[in-house]
Protein chains: 2
Amino acid sequence: MPEFLKLTPPDEALRQLLENVSVNLQAEEIETVSALGRVTFSPVIAPYPLPSFPRSTVDGYAVRAADTFGASEAIPAYLALIGEAPMGAATTLSLSKGQCVLIHTGGMLPEGSDAVVMVEYTQAITPDSRKRSATNVLSQEVEIYRPVAPGENTLEVGEDVHAGQEVIAAGARLRPAEIGGLMALGIIRLPVARRPQLGILSSGDEVISPEEDLSPGKVRDANSYSLSALVKEAGGSARLYGIVSDQEQALFAAALQALTECDLLVITAGSSASSRDLTAQVINRLGTPGVLVHGVNVRPGKPTILAVCDGKVVIGLPGNPVSALVIASLFVVPVVEKLLGLRRFHPRPTVVARLGLNLPSQSGRDDWVAVRLVPEAGGFLAEPVFGKSNSIFTLVRADGLVRIPSNATGLSAEEIVEVVLL
Amino acid sequence: MPEFLKLTPPDEALRQLLENVSVNLQAEEIETVSALGRVTFSPVIAPYPLPSFPRSTVDGYAVRAADTFGASEAIPAYLALIGEAPMGAATTLSLSKGQCVLIHTGGMLPEGSDAVVMVEYTQAITPDSRKRSATNVLSQEVEIYRPVAPGENTLEVGEDVHAGQEVIAAGARLRPAEIGGLMALGIIRLPVARRPQLGILSSGDEVISPEEDLSPGKVRDANSYSLSALVKEAGGSARLYGIVSDQEQALFAAALQALTECDLLVITAGSSASSRDLTAQVINRLGTPGVLVHGVNVRPGKPTILAVCDGKVVIGLPGNPVSALVIASLFVVPVVEKLLGLRRFHPRPTVVARLGLNLPSQSGRDDWVAVRLVPEAGGFLAEPVFGKSNSIFTLVRADGLVRIPSNATGLSAEEIVEVVLL
């Protein structure tokens, strides 16, 4: 007879798993240009302030703000133009009362100036003829039509980032913005968390490697490869330990070796109940406390095994490729993220959509339903993907998954749902 | 005086850009295990059906459905057990009327059977004593308590995928599910679209390489690296052509070389208006039709230049690192996706959140506001990230961007918004 599983709610199951895992963070130093997607090992501290010199944020004239107070179109302030601030170099110019300097966005403010008047609110004039000419440096005087406050249109030294400031926390995933920020600070190498290595072992007498010739009754291993890809996306790496037949001693020996060499282990069972039971027996021999959860209240993926063996996570995944991928998203990815030291919560990317059909579900169980997104005016329509649930091509045809929570008996057509992207 | 830009709405600007670009798809054959994130060059056709043999989807007994009709708990059907179907091999057993075979999930149906009764609805018995024993193959008879229809709890050959079926379209991005699906079909190599190469050229007399020592008035180049990372995420590759001073001939020569060697070119201008104007002049010399759009009605990023020169896209990005990254997401990424031949629409990952503050905006312009997501009961709170808009660390502190559409004068606190993840 099949085992009767005591089902644990998925949130509770994940909590138990994360509570029991030991995290042993290790750093490796890499080049910033190769660090996209990696996770900071330690906080990144700004070695110097940004900006590192007082800058103009507009094109215009650097002034002493007090010289512009009261200026208007009717009664402009007149300032003597003493030169132009060069881009990319310090200026030797220094402002006295009643003077101004032509400056460009990003240019360094000259000594004595404390604000910049935008060029739109000025007119350069030649003092002899009072003939107006646009931003002509040869002109000797500038009319100012609007007052500026001290600090207006400028950035002070350290206004973005001050020296010694933590600019990126430890445990942060590096996105394009962080890569740019590191380079802006001249940080061209940095320590990141070593990628956690996932060992993957397939069991099941019917499973063969994709390279092998197919014979009657055999199926090619899809799970090892979809899981490797998923773990790679999450920031880990995967090592394949091949396919082991459903014999306890062989499976135990392979599992022990894989667990010794890796940071966590996944065993994808064959599809029969006996193959799954064997997996649980083997896992319990790998270390303590062993199996924490055997059976999760989620569909697909009910017969999942979650274990911690001497501090390392071991997960027994159902052989069904859809269940294996859904369950790995729910349990393997969060463990990899914990092992990476990822500290910021990590919202799963979703898309909001209008549900196309009623989706009935059994209360008390989380259901994940594969849907395809169809663009429509103002958003997306989410259409459930039909097909036997144990075909990987059900997921290939889908854009994402919709969760029917355990406290609901289904979702209604026209409801607005969040689709977790695959 | 600064140029007065004729601003184009962002949707219209993107349409013009995509309409004018020439796409010249090229394939490269790679291993499926390395194909995560790549885009299929041609449709993937199933070389054989899945499943490739008739399979059981449950643990139980393979039967002739007709033999179970009318069976109930009160009046079970009795079937003679003639053996067990092995996992991973064809069985030599063949069913006649009144017979059954023990079978496991994924096992191959024996000749003559057309359905499987789940083990839960059966009882194996020993005919002499009628003593009940669980799934004991030595028993000679099985009581069946429920009828099954022909095809029930089985998968026919080709029920998931038939031979010759297109299982993955051309122009599809390969996710973990596709990697698994390809391996399930034994497809261990496949042609994918070559990565479009983006050339990146920085201009601006104030810009230096991150490796160089900082001197007064200089800023380190952040944009080349944040853009490289963004393009890598989108499936392209980037090649850096260094920093060129704001001199027309030098910039033109560097841009022409980069455009010749790459599939598209981005020039990040210095931050001054004169540097941006120079970029537009240079782009117009690179080919026809040249600049299509100079000025986009979006903030940040208004002074963006969009051009197509002899079929290749050239984009002049503002020097401000926030504008550069936002505008690259809006324009460079869609071009890279078009050059990849990506056919399926590609929903941008978002998270739904409650807006924490009023966000005023100017009507007639798309505003993108950086927000940080704070988990709260039932979802996320989106808090605008304050700080000068031209600091890359504004984006480092943010989780995503909220769009205030051009037909709105702002968004109200408590509104539910979609946050596009950075």
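Predicted model: local features only at pLDDT ≥ 70, side-chain atom pairs only at ≥ 80, totals over all residues.
I started with the A/B interface: 90 residues of chain A are in contact with 90 residues of chain B, contact being heavy atoms within 4.5 Å. Residues are numbered from 1 along each chain as its sequence is written, chains are lettered from A in the order in which they are written, and side-chain values use heavy atoms, leaving out hydrogens and water.

Next I looked up the area. Chains A and B bury about 7,400 Å² between them, 65% of it on carbon and sulfur atoms; that is accessible area (1.4 Å probe) lost on putting the two together, summed over both.

On chain A's side, helix α2 (residues 176-184) gives the largest share, 8 residues. Helices here are DSSP runs of H or I, at least four residues, numbered from the N terminus. By class I get 49 nonpolar, 19 polar and 22 charged residues on that side, with Asp, Glu, Lys and Arg as charged and Gly among the polar ones.

Then I checked for cavities, and 2 of 30 Å³ or more turn up in the whole structure. A cavity is a set of points on a 1 Å grid over the protein atoms alone where a 1.4 Å probe fits but cannot get out; lining residues have an atom within 4 Å of a point.

Methods:
Helix = DSSP H or I, 4+ residues; strand = E, 2+ residues; numbered from the N terminus. 1 Å grid on protein atoms, 1.4 Å probe; cavity = no way out; pocket = protein on both sides within 12 Å on 5 of 7 lines; lining within 4 Å. Points joined across faces, edges and corners; volume = space filled by probe spheres on them.
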